[in-house]
Amino acid sequence: MTADTPLGKQSDYPDRYAPDLLCAVARRDSREPLGIREPLPFRGEDIWNAWELSWLDRRGKPIAATATFRVPADSPNLIESKSLKLYLNSLAMSRYGSAEEVEAVIAGDLSQSAASPVTVSVAAFPPSGAFASLPGECIDDLDVECSAPAVDSSLLECTRTDVVAEELHSHLLRSNCPVTNQPDMGSVLVRYRGRAIDRRGLLHYLVSYRRHCAFHESCVERIFVDIQARCAPERLTVYARYNRRGGLDINPFRSDFEDGAENRRLWRQ
């Protein structure tokens, strides 16, 4: 990130269409310190849900809607969340003929910012469906003393030699925005096949992100490469569902054997 971006600064909130508000951040900036190089060790996507989308119809009547954006993990850039909030707010007093028109406008702008095709789905009606749960076993009730002052991959270990296929999840993930230092809280799923990962060590490791400053996408990629390096699973998926902030939730999905994730809203989203 450079000093000439609007990040971390007081911002105006324009209510007329302003695509130049979008701020792209090169993924390589966070990947290079983690040793992530091309070809990527994973595939995946960042699933964004926008809950406060609104615009005017041709006669000036407001339309309330939600939207989902899927940004491919191999795109050169991620889109900074505050800039996306400002951009979406800039649609509030702009007139469009249909939800499909808004969808096309947003898809074009986000694709240009990410430097890769972004899939956009706009729904101009209330979303349906009940809250979902992460699959597998929750490890949050394990009796663990959590004392790591920073992210510590050495906490990850395989204490058994048998090969298992399991899904483990936690709702105790917390990191901090590198721009505002505000907390980002969420849930994370680890799906793998390989030598059994010590569950107490995994929970302690996930809790060690509590003071870590990084974007959601970078946190998930670090979890993925740390588990891969320390435990060498035959296959691995890491999927985080972060709580919404400013009307947006971000849900990074990384896997070396699955192509995409189901976008199901969790109980805190």
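Reply: Cys231 is buried, with a relative accessible area of 2%. Please keep in mind throughout that this is a predicted model.

Me: Which cysteine sulfur is nearest to that of Cys231, and how far away is it?
Reply: The nearest one belongs to Cys158, at 3.8 Å. Cys231 is in no disulfide, because a disulfide requires the two sulfur atoms to be within 2.5 Å.

Me: How many disulfides does the structure hold?
Reply: The count is 0. Cys138 is likewise in no disulfide, and the nearest cysteine sulfur to it, that of Cys146, is 13 Å away.

Me: Is Cys138 buried, partly exposed or exposed?
Reply: Cys138 counts as partly exposed, at 41% relative accessibility.

Me: On to the packing. Which residues touch the most other members of the largest nonpolar core?
Reply: They are Tyr192, Leu202, Tyr205, Ile227 and Val238, in a core of 34 residues. At least two residues of this core come from each of strand E7 (158–176), strand E8 (183–197), helix H4 (199–207), helix H5 (216–231) and strand E9 (235–242).

Me: Which element gives the most?
Reply: H5 does, with 7 residues.

Me: What does Leu202 touch?
Reply: Setting aside residues up to four places away in sequence, Leu202 touches Ile139, Leu156, Leu168, Ile197 and Ile227. Another core lies apart from the largest one; it has 26 residues, among them Trp55, Leu91, Val102 and Ala107.

Me: Why is H4 described as largely enclosed?
Reply: Because 7 of its 9 residues are buried, H4 is largely enclosed by the rest of the structure. The buried residues are Gly201, Leu202, Leu203, His204, Tyr205, Leu206 and Val207.

Me: What do those buried residues of H4 pack against?
Reply: They pack against E7, E8 and H5.

Me: How do H4 and H5 cross, in angle and in handedness?
Reply: Their axes come within 12 Å and cross at roughly 145 degrees. The crossing is right-handed. On the H4 side the contact is made by Leu202, Tyr205 and Leu206, and on the H5 side by Arg222, Ile223, Asp226 and Ile227.

Me: How many of the contact residues are nonpolar, polar or charged?
Reply: The contact of H4 with H5 has 5 nonpolar residues, no polar ones and 2 charged ones.

Me: Let us turn to the backbone. Where is there a cis peptide bond?
Reply: It joins Glu38 and Pro39, with omega about -5 degrees. Pro39 is situated in the loop between helix H1 (28–31) and strand E2 (43–56).

Me: Which residues other than glycine have a positive phi?
Reply: Ala115 is one of them, with phi near 60 degrees. Asn181 is another, with phi near 65 degrees.

Me: Where do these two lie?
Reply: Ala115 is in the loop between helix H3 (99–114) and strand E5 (119–123), while Asn181 is in the loop between E7 and E8. Ala115 is partly exposed, with a relative accessible area of 46%. Asn181 also counts as partly exposed, at 48% relative accessibility.

Me: How far apart are Arg58 and Ser111 in space?
Reply: They are 26 Å apart, C-alpha to C-alpha, and 53 residues apart in sequence.

Me: Is Asp141 buried or exposed?
Reply: Asp141 is exposed, with a relative accessible area of 76%. Its place is in the loop between strand E6 (137–138) and E7. The C-alpha atoms of Asp141 and Asp57 are separated by 50 Å, and the two residues are 84 residues apart along the chain.

Me: Last one: what does Arg244 touch?
Reply: Not counting residues up to four places away in sequence, Arg244 touches Trp51, Asp249, Arg265 and Gln269. Arg244 lies in the loop between E9 and strand E10 (248–255) and counts as partly exposed, at 32% relative accessibility.

Conventions
Residues numbered from 1 in each chain as written. Predicted model: local features only at pLDDT ≥ 70, side-chain atom pairs only at ≥ 80, totals over all residues. Heavy atoms only, no water. Core = buried A, V, L, I, M, F, W, Y, C linked by side-chain atoms within 4.5 Å. Buried < 20%, exposed > 50% of the residue type's maximum accessible area, 1.4 Å probe, protein only. Helix = DSSP H or I, 4+ residues; strand = E, 2+ residues; numbered from the N terminus. Contact = heavy atoms within 4.5 Å. Axes fitted to C-alpha atoms, helices over the stretch in contact; angles between N-to-C directions. Left-handed = near helix turned anticlockwise from the far one by under 90°. Nonpolar A, V, L, I, M, F, W, Y, C, P; charged D, E, K, R; others polar.
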